[in-house]
Structure formats: C-alpha cells, structure tokens
Amino acid sequence: MADAKEPGLGAVELGSPGVPDTAPSPGTMSTRRLRSEDYNDYSSTDVTPEGSPPGGINGFAHPKSYQRFGETNGTTWYQTLIHLLKGNIGTGLLGLPLALKNAGILLGPLSLLVMGIVAVHCMSILVKCAHHFCYRFQKQFVDYGGAVMYGLESTPSAWLRTHAVWGRRVVGLFLILTQLGFCCVYFVFLADNLRQVVSAANDTTTDCNSNRTVALTPTMDSRLYMLSLLPFVVLLSFIQNLKVLSIFSMLANVAMLVSLVVIYQYIVRDIPDPSNLPLVAAWKTYPLFFGTAIFAFEGIGVVLPLENKMKNPRQFPVILYVGMTIVTILYISLSVLGYLRFGASIQASITLNLPNCWLYQAVKLLFSFGIFFTYAVQFYVPAEIIIPPLVARVSERWGWVVNLLLRVALVSVTCVLAILIPRLDIVISLVGSVSSSALALIFPPLLEIATYYVEGMHPLLIAKDVAISLIGFVGFVVGTYEALVELATPAAVINGTSVSAQ
C-alpha cells in the first residue's frame with residue numbers, strides 16, 4: 001500500500017512513511033500553509049486563466065520554460081527517491097499475496113503491472129497539471145486540491161467555475177478518508193500480529209528450519225488487543241512536532257526494511273509445485289484484488305509535496321518513473337513469491353504465515369513496531385486538516401485542551417471502525433476501493449481534461465482519460481460493493497479472531 005504519505009494536504013504517503021526533513025516553527029501547520037496559499041480566485045467569475053507552458057499536454061513542461069524554484073536546503077534526487085519508495089511501501093504490500101489469490105497466479109501479476117503503469121501515468125498527469133498552473137499563475141507550488149480547483153476554473157462550464165472551490169474540498173475529504181482508513185488498517189494489523197505472537201509464545205522454537213505445526217494457546221479476542229493498544233496510540237498522536245515524527249518515521253523505515261529482507265529470504269525457499277494454483281480466479285473475487293492493489297499503489301498524494309521539496313525539481317519526472325518501477329517490481333515479486341510459497345493458505349498479511357520460531361516472531365514484532373510509529377505519520381494529515389479550524393473557534397486558553405480532545409476522538413474513531421471491521425483483507429480492500437481509487441485513478445484523468453480541454457485536446461487523449469476514470473469508477477463501485485458483501489458474510493472465528501472464510 002501506499003500507506004504512509006508525505007505530510008501536507010497531499011497525503012503523507014502516505015505507505016511507508018516519509019516525512020520532510022525540516023519542522024515547522026511552533027504553531028505553524030504545514031497543511032494550513034498548503035490550503036491557505038494565496039491565489040487569484042476565479043471561482044465566482046467567468047474569467048478563465050489562459051496560457052499553457054510550452055510542452056503543454058504532450059508531457060511535462062520543458063525545463064527551460066518552467067522555472068520552478070527548489071528549496072535552498074531541499075532534498076537531493078537520492079533523498080527524494082527514498083521518500084518516494086517508502087511513501088509507497090507499507091501494509092498494502094504485505095496484503096498483495098492474498099490479493100493475488102483473488103485474481104489468479106497469471107491474471108494477478110499482469111493486473112498489477114497494468115495498474116502500476118496506469119498509476120504512474122496518473123501521477124505524471126498530476127505533476128504536469130500542477131506545473132501548468134504554476135506557470136500560468138507564476139506560483140512556486142500547487143497542491144493536489146489546488147490543481148483540481150484551478151482545473152475546474154479552466155473549464156468552459158460557468159457552473160464548474162463557480163463551484164471550483166469544491167474541487168479542493170472533495171480532494172481534501174478523500175485524503176482524510178484515505179489517511180484515517182490507513183490508521184484503521186494499522187489497528188487491525190497490529191492486533192492480528194501481536195495476537196499471533198502471544199498465542200504461540202509458549203511454543204516458540206529456536207529451530208527455524210522445522211516445519212512442525214505449533215498449537216496456538218487460546219488468547220483474548222483481537223478486538224481486545226485493539227482496545228489495549230488505544231491508550232498507547234492516543235499518546236503517540238499527541239506528538240505534533242514534524243521533526244520528532246521524522247525520527248520515528250526513520251526508525252519505522254529501518255524496522256520494516258529489515259523485516260522485508262527476512263520475509264524474502266524465507267519465501268524464496270521450498271516453493272511447492274504451483275500447478276494446482278488457478279491461473280485466473282473467480283471473477284467475483286477480482287474486485288477484492290482491485291481494492292487491495294489500488295490501496296498499495298495509492299501513493300499519488302506524496303508526489304507534489306516531494307517534488308516541491310527538491311533542490312532541483314526538474315529531475316523529478318525521472319525519479320518518479322524510476323521509483324515507481326522499483327515499487328511495481330517489488331509488489332509483483334512479493335505477491336507472486338508469497339502466493340507460490342503458501343498457496344491457498346495465504347493469509348491477509350504474509351507475516352501471519354511465517355513460522356513460529358524466534359526469528360520470524362521477531363519479524364512480526366519488528367514490522368508491528370514500524371507500523372505503530374507509522375500511525376503517527378499517517379494521522380498527521382487528517383489531524384492538520386480537521387483540528388486547526390475547530391481549535392480556532394475557541395479561546396486561546398482552551399485551545400490546547402480542545403486540540404488534545406479532538407486527537408483522542410479521531411484516534412478513537414479509527415479504533416472503533418477497526419473493531420467493527422476486524423478483518424485485515426476486507427478493510428484494506430474497502431479503503432482501497434472507496435478512497436484510493438478516486439485519488440489515484442478517477443481524479444487525475446478528469447483533471448487533465450479540465451485543464452487542457454479549452455486549449456484543444458486530441459479525441460484519443462480524451463478517450464484515454466475517460467477510459468481510465470471509468471475503470472477507476474467501476475472499481476470504486478464494484479470493489480466497495482463486494483467488500484461490503486464480504487463484510488456482511490459471517491466470518492469464521494478462530495480463537496476469538498474473525499477471519500475471512502476463503
């Protein structure tokens with residue numbers, strides 16, 4: 001998943017976590033800076049901004065014509081690449097082997113490849129449109145919501161121009177839904193993995209080469225684990241300093257990187273005969289694959305904040321293509337190897353299939369450690385969008401109290417939602433279908449049409465954009481429906497934990 005996004009109005013990426021290297025001064029909210037950036041408001045007039053930078057709809061603006069000023073102490077190309085990678089790698093990645101089961105050993109990898117190509121194309125569309133408006137208004141930075149708003153202002157429709165500000169609001173809403181959805185996923189992931197470690201604690205062995213079955217000790221329901229984690233997550237959410245969060249983000253990245261290396265070295269060994277695995281799974285389960293896959297690829301929210309923080313933003317297109325190529329290869333390789341290794345017994349997170357020996361129990365705890373601190377990074381975005389306007393309504397004396405109470409309330413909401421949907425595969429698919437599909441597939445092609453239509457677009461280009469948005473919309477509707485149907489289906493209960501009946 002693209003699940004830890006870059007702090008800012010564009011998701012923190014967001015998967016997993018990446019945060020800027022500099023912290024805002026006390027009281028300064030980076031999200032507020034992006035949202036309230038001064039701009040010429042055409043939304044209540046018939047005036048339409050004019051002029052595209054050379055390069056227009058054919059690609060990124062030409063470097064010599066697009067004078068983007070990078071930050072003096074901004075990130076290098078290497079640092080930006082690392083942020084992009086960790087912004088797209090998270091819990092969604094661990095759920096892809098099960099997603100492959102829902103698509104088939106042949107159709108799944110092909111679908112992941114196509115979705116990777118389309119996802120990076122939509123990212124490039126967003127960057128191109130943002131460049132277009134930066135050039136048009138001589139701005140240093142335009143965020144996702146701002147680009148959609150300016151795009152609506154550029155349309156020939158007077159109604160859309162009048163209501164263009166709603167474009168920013170809708171994008172903000174979906175960013176909030178996505179980030180809070182990620183937080184719900186983290187609660188379920190932590191509870192499932194901690195519960196399995198505790199259940200097997202008495203029989204954990206030092207022999208990691210043994211294939212013996214370990215009888216799990218009955219333990220409390222996974223939902224009680226979520227409640228037990230709630231106070232610690234609430235305390236974590238009180239951290240509001242971006243520089244402090246960056247330290248936790250770095251620790252989380254190291255923990256998850258080490259865990260991935262150990263997981264890979266295990267699943268490449270003793271792969272059984274794959275001839276009994278279906279090439280194409282039942283079409284009824286394919287929407288669940290779509291939701292999980294788009295959840296993993298939803299890293300579009302980090303794209304503009306990362307580009308904005310570069311010393312040399314003109315290098316970003318190459319970094320985007322290289323980084324997303326690496327991400328796509330990682331997704332396909334782990335999903336294929338994981339499904340080949342565990343077959344029909346693959347679980348919602350591949351960590352749950354690891355043996356109950358000390359090394360792999362440590363991997364589960366290490367990845368859980370990383371996900372725990374990633375929660376704070378993910379939570380930063382919705383908190384900075386929702387809380388400041390509400391705090392501004394009370395006196396300064398009570399501002400800090402209201403701030404903390406709102407943080408407790410938001411964290412509690414994610415915990416309650418996770419308790420209501422304690423099935424990791426379903427909650428991932430649901431979040432992916434509902435919000436990630438809109439941000440990653442539906443909005444960018446429509447933004448391109450809105451931005452360039454009055455300047456003239458080739459019919460094939462319009463058809464391409466409409467097709468991508470329609471695919472995203474169908475995935476949104478069908479994926480959401482199938483996830484809700486699966487959620488309504490009684491799940492098998494194993495030792496108090498609800499699991500999907502595969």
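Author: Side chains of opposite charge can pair when their charged atoms come close. A salt bridge here is a side-chain nitrogen of Lys or Arg within 4 Å of a carboxyl oxygen of Asp or Glu. Arg223 and Asp221 form such a bridge, at 2.9 Å from N to O. This is a predicted model, in which local features need pLDDT of at least 70, side-chain atom pairs count only at pLDDT 80 or more, and totals for chains, interfaces and linings use all residues. Residues are numbered from 1 along each chain as its sequence is written, and side-chain values use heavy atoms, with hydrogens and water left out.

Reader: Is Arg223 buried or partly exposed?

Author: Buried means under 20% relative accessible area, exposed over 50%, and partly exposed in between (1.4 Å probe, protein chains only). Arg223 counts as partly exposed because its relative accessibility is 29%, whereas Asp221, at 18%, counts as buried.

Reader: Which residue meets Arg423 in a salt bridge?

Author: The partner of Arg423 is Glu486, at 3.5 Å from N to O. Arg423 is buried, at 5% relative accessibility. Salt bridges with shared partners also join Lys128, Glu448, Lys464 and Asp465 into one network.

Reader: How many residues has the largest nonpolar core?

Author: In soluble globular proteins, nonpolar side chains tend to be buried together. A nonpolar core is a set of buried Ala, Val, Leu, Ile, Met, Phe, Trp, Tyr and Cys residues joined through side-chain atoms within 4.5 Å. The largest one here has 135 residues, and Phe187 and Val427 have the most contacts inside it.
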